[in-house]
Amino acid sequence: MFKVHSKYTPQGDQPQAIASIVNAFTSGQQHHVLMGVTGSGKTFTMANVISKLQLPTLIIAPNKTLAAQLYLEFKEYFPKENVGYFISYYDYYQPEAYIPASDTYIEKDSAINEDIDKMRHEATRFLFEKPNTIIVASVSCIYGLGSPETYAEQVIHLATNDTLTRDSLLRSLIELQYSRNDLDLSRGKFRVRGEQVDILPAHQRDEAVRICFFGDSIEEIMLIDALSGRPLKAVDKVSIYPGSHYIASQKAIHSIVQNILSDLGVRLRQLKSLQRHAEAARLEERTMADIESFEQLGFCPGIENYSRYLTGLLPGEPPPCLLDYFPKDFLTIIDESHITVSQIGGMFNGDRSRKSNLVEYGFRLPAALDNRPLNFEEFLSRNNRILYVSATPSPRELQLSSKNLTEQIIRPTGLLDPQVEVVSAHLQVDHLQTQMTKTIAAGFRVMITTLTKRMAEDLCKHYREQGFRVEYLHSDIDALTRADLLRQLRLGKFDVLIGINLLREGIDVPEVALVAVMDADKEGFLRSRASLIQIIGRAARNDCGKAILYADHITDSMKLAIEETERRRQKQLAYNQKNDIQPKTVLKPVQQDLRVIYGLLKPLHEGAEAMSNTDSMQQQIELWGVKTPAELEKRIRTQQKKMQKAAAQLEFENAATLRDEITEMKSALALWIDQTN
């Protein structure tokens, strides 16, 4: 059973919003919109809706940063339930492409984040094992994934006293795309020592499974520490899930290869009939190399381009994706839907355009076109309940929901939408400097949004020269650094943050009392009605919040945004007067460093076990001989290399000692960063 754990109860508009949404879905509505203003507790409302409906839930966010924030929040609301995290596992991704105009082939290049891949496997495992599961995902959840039926069929279920030979288990593990490594037991690998097999499942990082055989049966199953081999606890049964979502049984490989060869023959005849012999030769060479790898190993580089053959689908049929791993009856919540819905709708065409060139010029079989994201109609067909959540829902969501709309305008804190002031753009740099000085003197922070990266950087440089503590933030800065900058702003490391389109949806900084919009009268996407309402809303979590729009004339978008802000403000003011509520700035603890999610740091509460107070932490830091957090991070990396080397040389006691030291260092680093900020 889903049960929300929170010291708060629904307040303001939240009770009626929860009741309205639950009633809409229980009465048979398929689409519903929650139009909740910034700071009204939409996430808390979403959590309570899940608790009332008691349905497995997919929550889709428009980017990795917001997905990570939602993941942390839902982990806090549902500490006893399964909360999974499913985003693109690439730290870097250059897709395969061909540019005919310059005859340039770009080979696929990527760097996979092992921690995120582990969490993806953990998310799908949750969906197979327990119904009370919440998955927070980015829009990557609509991309093709292996068939859930095939994935489930390949799971190895083991129990003590089962009749099974060791060699049979090893063959099964190879079929699951696990590889043998007797020196280094890492994720997706296994090692063999006599009648003992150690396996580190794809969804684990530190906890391995040890299978002990006696003759032709399983004598004992033990969970062990993956590094030291130290036993943790005995279990009666365990399930080993495939090492990849793209999986095929050995029995099916022969028929799959025959289908690939048949389609290859058809395509080669087409190309040769058009006198395109170079393309035909290229396609034959590449495909035959893939087939050879597939026959020998069960997979090949770029196996996703053959996903249609693995799943047995017909040409043009939509591929299975994360949505197909959910039970038949589930709830989908689309956060910041005015952006996310457009992303879901636009991904299909972009992917199709790139792959059409690869097929046309002999780099891939036509089946590669079926390794794709869902189009919007296919996405809708896989959902029976969708809740669109946004402060500014677009006409598309409103049309889909037949204008079934729930408003959440009243904030539990009594906070009002900020007052909006329009100032001439000719005075914007100097006028803003005066306003910044007043805001910072009062102990608050400032956010400034510009139209270009160049202006953000130049403005940052100018205000630094004037003595302000200021940073800029735009798309050239990686996701982890962006999240850390926002965290540092909250902690007071600096006072002013300048950005472009990143100071909008989901940015939650209660310390910000002033939001400034440079060149607000430049009509366009960045200065549309919805964008301006979102930007203005960043100052709505502070009882002294104010927004300044710098413009030489008032555009239609500005007029509509100001009118909507004032409408909400008057409704909030009337509610406060009726209920004798005094607005109070949101008091919200600073969330843990996002690097905790990615496995780069240990959570602070774990660090407290090793470092119970500042004095002991400082003493240990002195023993390590480091003077800054950066030096400690460097030392951690050095010790990790030593640990891996020790494990490879079978020096497990030394490796375990190093592992414990690294854990202590990570705990100290997390506390040090927090206290320094």
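A residue is termed buried when its relative accessible area is under 20%. In the predicted model described here, Phe 78 has a relative accessible area of 1% and is therefore buried. Phe 74 likewise counts as buried, because its relative accessibility is 0%. The rings of Phe 74 and Phe 78 form a stacked aromatic pair, with a centre-to-centre distance of 6.4 Å and an angle of 5° between the planes. These two residues also belong to a cluster, linked by ring pairs, that includes Phe 2, Phe 44 and Tyr 77.

Helix α3 spans residues 64-77, and its 14 residues reach 20 Å from the first C-alpha to the last, close to the 20 Å expected at 1.5 Å a residue. Of these 14 residues, 11 are buried, so the helix is largely enclosed by the rest of the structure. At the start of α3, a side-chain oxygen of Asn 63 comes to within 2.8 Å of the backbone nitrogen of Leu 66.

Aromatic pairing was examined over the whole model, and 17 aromatic pairs were counted. A pair of aromatic rings is described by the distance of the centres and the angle of the planes. For Tyr 151 and Tyr 325, the ring centres are 5.9 Å apart and the planes stand at 70°; since an angle over 60 degrees counts as edge-to-face, the pair is assigned to that class. Tyr 151 lies in helix α5 (residues 148-154), whereas Tyr 325 is in the loop between α9 (307-311) and β17 (331-335), so the pair ties together parts that are 174 residues apart in sequence. Both Tyr 151 and Tyr 325 are buried.

Aromatic rings also take part in contacts with charged groups. The charged end of Arg 308 is placed over the ring of Tyr 309, at 4.9 Å from the ring centre. Arg 396 lies over the face of Phe 376, with a distance of 4.1 Å to the centre of the ring.

Strand pairing is illustrated by β14 (residues 217-225) and β15 (residues 231-235), which pair in the antiparallel sense over four bridges. Met 222 has Ala 234 of β15 as its bridge partner. The two strands, β14 and β15, form a hairpin with five residues between them. In the turn of this hairpin, Gly 229 adopts a positive phi of about 80°.

Terms used: Residues are numbered from 1 along each chain as its sequence is written. Side-chain values use heavy atoms; hydrogens and water are left out. The expected span of a helix is 1.5 Å times one less than its number of residues. Buried means under 20% relative accessible area, exposed over 50%, partly exposed in between (1.4 Å probe, protein chains only). A polar contact is a pair of N or O atoms within 3.5 Å; within protein, one must be able to donate a hydrogen and the other to accept it, and residues adjacent in sequence count only if both atoms are side-chain atoms. Two strands pair if DSSP finds at least two bridges between them. Rings of Phe, Tyr and Trp (its six-membered ring) pair if their centres lie within 6.5 Å; planes under 30 degrees apart count as stacked, over 60 as edge-to-face and the rest as tilted. A charge sits over a ring if NZ of Lys or CZ of Arg is within 6 Å of the ring centre and within 35 degrees of the ring normal.
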